Amino acid sequence: LPFVPWYSMGRLNVRVVQAKGLDDDQTFGKADPYVKLRCGNREYRTTTKNNDQNPVWNEDFAFMIADDNAVQIHFDLMNENVLVDKKYGWYPLSVAELYRGEWTEKWLLFYEHKGCGELNVMLQAQDFGKLREEDPKPEDQDAPVEEAAGEEGAESKPAAPVAAPVAAPENFNPAPESAAVTIQGDVTINVVNNITNVSNNTNNMAPPAPAF
C-alpha cells in the first residue's frame, strides 16, 4: 500500500452503543460479551459485560482513515471465557457512504451468529466523506426519479431516500490507548488515540552560542 501521511487522513469517530438478542450457548451462567473493533492496523475493544445478553456499552473510539472508499471497520462480537474467548459473530462495515461531519446510527446483524443478535453503533466521518447537496427549493420538492436503464421512454422509479443524520451522542470521549508515541527533534510529534499533535520546538530553543 502507498504511504499516506498522517495529515492527509480523515478521522472516524465510533460509539459502540449496545447489543441485543445475543445467543447464549454456555453451559454455566450467561454470555460475557464484548466487542472488538478493527480498522487497518488499529484494534480496540469494549469492556466485558458479565452475564448479559442485551449489553449496553456507550463506549467511544476513534480511527484515522487513509482511503474512505476502500476502508472497512470490522466489528467482532466476542464472548469472554476463562481459557479462550469465543467469537459469536462479526460484521464488516464500509465507511464510503458516510456523510462528512454527520453522525449516522446503524443496527448491524451479525454474520455467523446462531441467534438474531444485533449491534447498535454510531459513526461520524469527522473530516471526510460524502457531501450533501443543498436543500431543494420549495418548487422542487417533488420526489426525484431515476431513469430505468434501457431504451428511451422506459418507466422511471423514485430515487432511494437519503438517510437523515442523527443527533450527536452526548459526551463523546474516545478511549485512550495504552501507550502514546512521541517523536522528538525540531518538532515533537505526539500520537495518542490515533490523534496526532505536532509542536514546533525551534521557538523554544536557546539561540546558538556566538563563535570566537
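Predicted model: local features only at pLDDT ≥ 70, side-chain atom pairs only at ≥ 80, totals over all residues.
Local features require pLDDT of at least 70 and side-chain atom pairs pLDDT 80 or more, whereas totals for chains, interfaces and linings use all residues. Residues are numbered from 1 along each chain as its sequence is written, and side-chain values use heavy atoms, with hydrogens and water left out.

The protein contains 13 strands and zero helices. Both element types are DSSP runs numbered from the N terminus (helices: H or I, at least four residues; strands: E, at least two). The pattern along the sequence is β-β-β-β-β-β-β-β-β-β-β-β-β. Contacts are heavy atoms within 4.5 Å. Of the contacts between residues at least 6 apart in sequence, 57% join residues at least 24 apart.

The accessible surface amounts to about 14,000 Å². Carbon and sulfur atoms account for 51% of that surface. Areas were computed by the Shrake-Rupley method with a 1.4 Å probe, and for residues only the protein chains shown count as cover. Residues are classed by relative accessible area (buried under 20%, exposed over 50%, partly exposed in between; 1.4 Å probe, protein chains only). Of the 212 residues, 30% are buried.

Val-82, Leu-83 and Val-84 make a nonpolar surface patch of about 410 Å². Patch residues have over 30% relative accessible area and no salt bridge; like charges are joined within 9 Å, and nonpolar side chains (Val, Leu, Ile, Met, Phe, Trp, Tyr) within 5 Å. Val-82 sits in the loop between β5 (72–79) and β6 (86–94). Its relative accessibility is 84%, so Val-82 counts as exposed.

Side chains of opposite charge can pair when their charged atoms come close. The whole structure holds seven salt bridges. The criterion is a side-chain nitrogen of Lys or Arg within 4 Å of a carboxyl oxygen of Asp or Glu. One of the bridges joins Lys-20 and Glu-118, with the closest N and O atoms 4.0 Å apart. This pair links distant parts of the chain, with Lys-20 in strand β1 and Glu-118 in strand β8, 98 residues apart. Lys-20 is partly exposed at 36% relative accessible area. Glu-118 is also classed as partly exposed, at 23%.

A second example pairs Asp-76 with Arg-38, at 3.2 Å from N to O. Here strand β5 carries Asp-76 and strand β2 carries Arg-38, and the two residues lie 38 apart. Asp-76 is buried, at 3% relative accessibility. Arg-38 is partly exposed, at 28%. Arg-38 and Asp-76 also belong to a network of salt bridges with Lys-87.

Glu-80 and Arg-45 form a further salt bridge, their closest N and O atoms being 3.5 Å apart. Glu-80 is in the loop between β5 and β6 and Arg-45 is in strand β3 (residues 42–45), so the bridge ties together parts 35 residues apart in sequence. Both residues are partly exposed: Glu-80 at 29% and Arg-45 at 38%.

A pair of aromatic rings is described by the distance of the centres and the angle of the planes. Five aromatic pairs are present. Rings of Phe, Tyr and Trp (its six-membered ring) pair if their centres lie within 6.5 Å; planes under 30 degrees apart count as stacked, over 60 as edge-to-face and the rest as tilted. The ring centres of Trp-90 and Tyr-111 are 4.8 Å apart and the planes stand at 40°, so this pair is tilted. Trp-90 lies in strand β6 and Tyr-111 in the loop between β7 (103–109) and β8, so the pair connects parts 21 residues apart in sequence. Trp-90 is partly exposed at 28% relative accessible area. Tyr-111 is partly exposed at 40%. Tyr-44, Phe-61 and Phe-63 form one aromatic cluster.

Two buried residues complete the description. Gln-124 belongs to strand β8 (residues 118–125) and is buried, with 11% relative accessible area. Its side chain makes a polar contact of 2.7 Å with the side chain of Asn-13. Polar contacts are pairs of N or O atoms within 3.5 Å; within protein, one must be able to donate a hydrogen and the other to accept it, and residues adjacent in sequence count only if both atoms are side-chain atoms. The Gln-124 side chain also reaches the backbone oxygen of Gly-101, at 3.3 Å. Beyond neighbours within four places in sequence, the contacts of Gln-124 include Arg-11, Leu-12, Glu-102 and Trp-103.

Leu-22 lies in the loop between β1 (10–20) and β2 (33–39). Leu-22 is buried, at 3% relative accessible area. Its C-alpha atom is 9.5 Å from that of Leu-77, a residue 55 places away along the chain.
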